[in-house]
Amino acid sequence: MDLMLFAPEISLVVTGLAVLLIGLFIPTDSKKILGYLAALGVLVALFFTVSSLGTEATAFNDTVSIDALSQFFKIVFLVVALLFTISGIKYTEGNSHTEEFFTLGLFATIGMMFVASANDLMVLFVGFELASLATYALAGFEKKNAKSLEAAMKYFIIGSLSAALMLLGISYVYGATGTTSIPGIAANASVLVGSPMGLVAVVLLMAGFGFKIALVPFHMWAPDTYQGSPSVVSALLAAGSKKMGIVAALKVFVVALIALQAEWQTAFAILAVITMTYGNMVALKQTSVKRMLAYSSLAQAGYITMAFVVLTPMALGGGIFYALSHGFMKAGAFIATAAVTYMVLSENKDSTDPDHIDNFRGLGKRMPVTALSMTVFVFALAGIPLTAGYMSKFILFSSTIQSGFVWLAIIAILNSAISLGYYAKIVKYMYFLPTDSEKVSEPLPYTVAMIIAVIGVLAIGFWSEPVVYWAMEAAKVLVGGM
Amino acid sequence: MAVENLAFLIPVLPALAFVLTFFLGKKLPNGGSIIPITAIAISFVISLLITLKLLANPEEVVSQSYSWFAMLNIGILVDPLAAVMLTMVTFASLLIHIYSTGYMSHDKAPSRYFAETALFTASMLGLILSDNILQLFICWELVGVCSYLLIGFWFEKPSAATAAKKAFLTTRIGDVMFLTGIIVLFADLYKMFNGTIPDGVFILRFDEIFAHIPEIAAINSTILGMEVSHITLITLLFFGGAVGKSGQFPLHVWLPDAMEGPTTVSALIHAATMVTAGVYLVARTFPMFIAAPDSLMVVAYVGAFTALFAGTMGIVMNDLKRVLAYSTVSQLGYMMLGLGVGAAVGAEAVGISIFHLVNHAFFKALLFLCAGSVIHAVGTHDMRQLGGVAKVMPITAATMIIASLALTGMGIPGTSIGTSGFFSKDAIIESAYLFGESTGTWLPYLFSIAAALLTSLYIFRLVFMTFYGKPRTDYGGHESPASMTIPLSIFALLALIFGGLTAEKFNTFVSETFVNNFVHVDIHELATLGGYHLVEHAGHEPLLVLWMPLIVALAGLVIAYLVYGLKIVNMDSLVSRNNPIYKLLYNRYYQNSIFTNFVSVKVIYEGFAFAGRAVDRGFDWTVKWFSDLAIESGESLRQFQTGAVQNYATAVITGVSLLVILVKVVMEVL
């Protein structure tokens, strides 16, 4: 076995442990270095992953497979991890637990990456739990902040429940097919067709993944947790951990349980429509920007879920492409919110809701880079042309129409129109509402992270060809067995 | 490293300068003007080096393409045509930027000015460098936006805001035609490949387009009962774009109004560079035009008519800048005519026209900058209030006279003594004569001769009214600072000698644009396709034809001197509201009143506004209903989110149960 195949994971593990160890021995003041180290580790991992695009291999007795799909999603996770670590440098400034923050973030990323390359339900489950446990702790990182603790608690309880449901689903599948290997299940899944056990297993697994993807009605933790957690962590949750649910669902449903297509396709159609509509409608009335972004990411998850309904290679490629775009836009939006939160808190230490939309008033004058980046992100989320969001929606929706699901495409497009209502509201607050507050300096790490995300959003939107190519390659991995 | 590899920097540097100036300009002295000046200076050096290299070996053009998406690419092409344009634009832009540091020193927002002019320069250079028609169009639109921003630079002045809108909307008409042309072209080319385009073939790149001209020419459509070849259709649509951008009749109306912007903007955009984009477009796609029956005739007629038509209005304007604006329109007409005569002289037409374009850029920029210098010093641009300015501003007056001599094309035929304009304008008029001989239509030639008389008349009228005699009002004045007079002197030098120095080399150099390692076009073969009969060799015109332009130019000078210098005729009797001809000219043939005030504002605007309002209300109502519904449902759905985690867990379990039942039911029903 070629260890180089795991170079990205290994570099993250090494960085994570190094950060943890070094953190023990250095004073709080100099812990900033840990953030740089973590970001460097992620960059190295990203480099290894990008350079191994196109490799195909399996390892550890076929329980892990490296292919276009796994590498593409690893890139998504690493991009989010990069934004997370860079902005974390500012967020953890002066915090004595800095090393834990970065190590947990890196370990969560490793978990996600293992899910992406899992070829066995056990590996998938362990990766899932590794990511979950690390993010539970991250959500409660502000130990003195009741909101953060509440967010972590809710996330943990619902997370455990969902893990139990997922494990139950896996055990049904194992019981019927006698294997946990994904190709093995695909070969034997015919025994589940038409049986009540198959249906129950599908729904249980869907609940397990739906928790991470935040599909209605398994989403209820998401708004509370995204709002309560530190914004930087919300970025990791919404942009990274959500995609883990998607890649897991892709592997389990589209590859392993393709025989049960009829059952889960229907279920996903129902969930997709409910999720996007619910997310967009509720987002309209939010006054907390983080909560609004949480509901917006419900809606976005609804769009991505359409890929499971349409199931053509183009739609799946579109969904996978969407995952990357969403990684940039959503992480960027949360980091922009983090910058605003930082600004509000540095002005008034006791502010209870620093992400209230009123704090975005006149941001165009106060924090021009943040405001401009935020504008790019929300426009991308709304699907305005020349951004990554537009290309993703274009591919996904047009493939939906091509396959005859016109009704679904119409619902999705109407939803996009509604979503502009709350996205434009943020822009209105930033540029058109006056404020008498002073211009403030923008923290550099946040700015760097935002600029990377803006470049990502615009570059993918403008020069989407190579990304679309790899997304389609990834989709081919999925439908190879179809 | 070879200098060709730096070609991409030519537009990129000014673009970077735009970003830097936009964000940092306010903090730097003088609006951060040093940033664009440095960037454009480097671009100029690169352009000049590439041009010199090309001059030695015109067949080795610079061409770099990258796949953009599908069958489209972005890329750069520096062939002789592009090279001379690049050098001219960077040079003029550089001098005008330097001049602007003086001119805009009293302005409130110099950083915005320099950012916008830098963006304009970047877009214009991008336009010139484009190796495909789509990229050219994108930059074409960008220069349009910059022109809009800069005309409306003093947007707090209502007239400036209106002029900006008018310029944008009028050129829009042309832009839409241009885009339509691109779409037709794309559809035709796409069909030729039967939808399967091999990798590395970019169908909107010029070499690909030119290679398929005969096939495009073979496609016919029936439009309004007439059988039209697609090559004619496409070229005429392109020409429509050029008419809008280059202020040709009947879309020239925006250009005189565009003088509301700062004078430096008029010099840069509305004299030297942007307005020549239309000419450049026709020159760039010249192989298509020459293969299109009738297209070049249309170009020649529109050009010649515009030259004359604008000249007639130039002689009655009282505003310094407006006279120059009509002069620009008129000279652009000459350039178009220069391309149109390609029906007789073939590819040489491109050389003739671009030669005039470059010379014009120098002397017209100079005229505008001189006018700017006067306006800067005395604060008015109404010629009736000026007079005797030469005494207070000797350098400005001297350069202005040189520019006027260049504009009228003073020089001695048969020798190489003469101003820049002499070499290029006379070449166009002589080619128009050949065009007459070849096609049997003499109108373009007659128009161009008449326009030459008018040119001389209006420009010397301006010179005598402004610089000679006694001051008519009590204006204080002083010579402008060195940052302004030095660019004036450099331009004046070029206006004086550039034509004479390069006359022999220039035409052959630019005319070779279509035979090199990028494209290889047989103009003669294409001309047969277009049904044009090319004249083999020029130069055997009667002596009178050679001397004619000079004779009329001198006549104009003499008349202007007699009337405005010696005042032997009392102009007051002629210049009155009772004189119908004067009235017609002064009101610009009422085209403004009819087009703008009646057709555009009353009929189209009011009509659309009425229809729009009705439709709008319907939409409003629907959208409002829909959004109310959405917001209301959002509000009620919010109630589900109780915040109690046990409810969340219940929701998960209920969700699982319901989903099982729902899927079961749906599966049974379907």
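1. Helices here are DSSP runs of H or I with at least four residues, and strands are runs of E with at least two, both numbered from the N terminus. By that rule, A:Phe328 sits in helix α13 of chain A. Please keep in mind that this is a predicted model, in which local features need pLDDT of at least 70, side-chain atom pairs count only at pLDDT 80 or more, and totals for chains, interfaces and linings use all residues. Residues are numbered from 1 along each chain as its sequence is written, while chains are lettered from A and ligands numbered from 1 in the order in which they are written.

2. Let us stay with A:Phe328 for a moment. A:Phe328 is buried, having 30 other C-beta atoms within 10 Å; buried takes 20 or more such atoms, exposed 12 or fewer, and partly exposed lies in between, with C-beta atoms placed from the backbone. Leaving aside residues up to four places away in sequence, A:Phe328 touches A:Val79, A:Ala388, A:Ala453, A:Gly456 and A:Val457. Contact here means C-beta atoms, placed from the backbone, within 7 Å. The C-alpha atoms of A:Phe328 and A:Leu83 are separated by 8.6 Å, although the two residues are 245 apart along the chain.

3. Next, helix α18 of chain A, residues 444–462. Its 19 residues should span 27 Å at 1.5 Å a residue, and the end C-alpha atoms are 26 Å apart, which agrees; the expected span is 1.5 Å times one less than the number of residues. Among the buried residues of α18(A) are A:Ala453, A:Gly456 and A:Val457. The buried residues of α18(A) pack against α3, α13, α15, α16 and α19 of chain A.

4. For chain A as a whole, there are 19 helices and two strands. Of its 482 residues, 64% count as buried. Among contacts between residues at least 6 apart in sequence, 80% join residues at least 24 apart.

5. Now to where the chains meet. Chain A brings 31 residues to the contact and chain B 26 residues. On the side of chain A that touches chain B, α6, α8, α9, α11 and α17 of chain A each supply at least two residues, and α11(A) gives the most, with nine residues. That side divides into 23 nonpolar, three polar and five charged residues. Nonpolar covers Ala, Val, Leu, Ile, Met, Phe, Trp, Tyr, Cys and Pro; charged covers Asp, Glu, Lys and Arg; the others, Gly among them, are polar.

Methods: Two residues are in contact if their C-beta atoms, placed from the backbone, lie within 7 Å.
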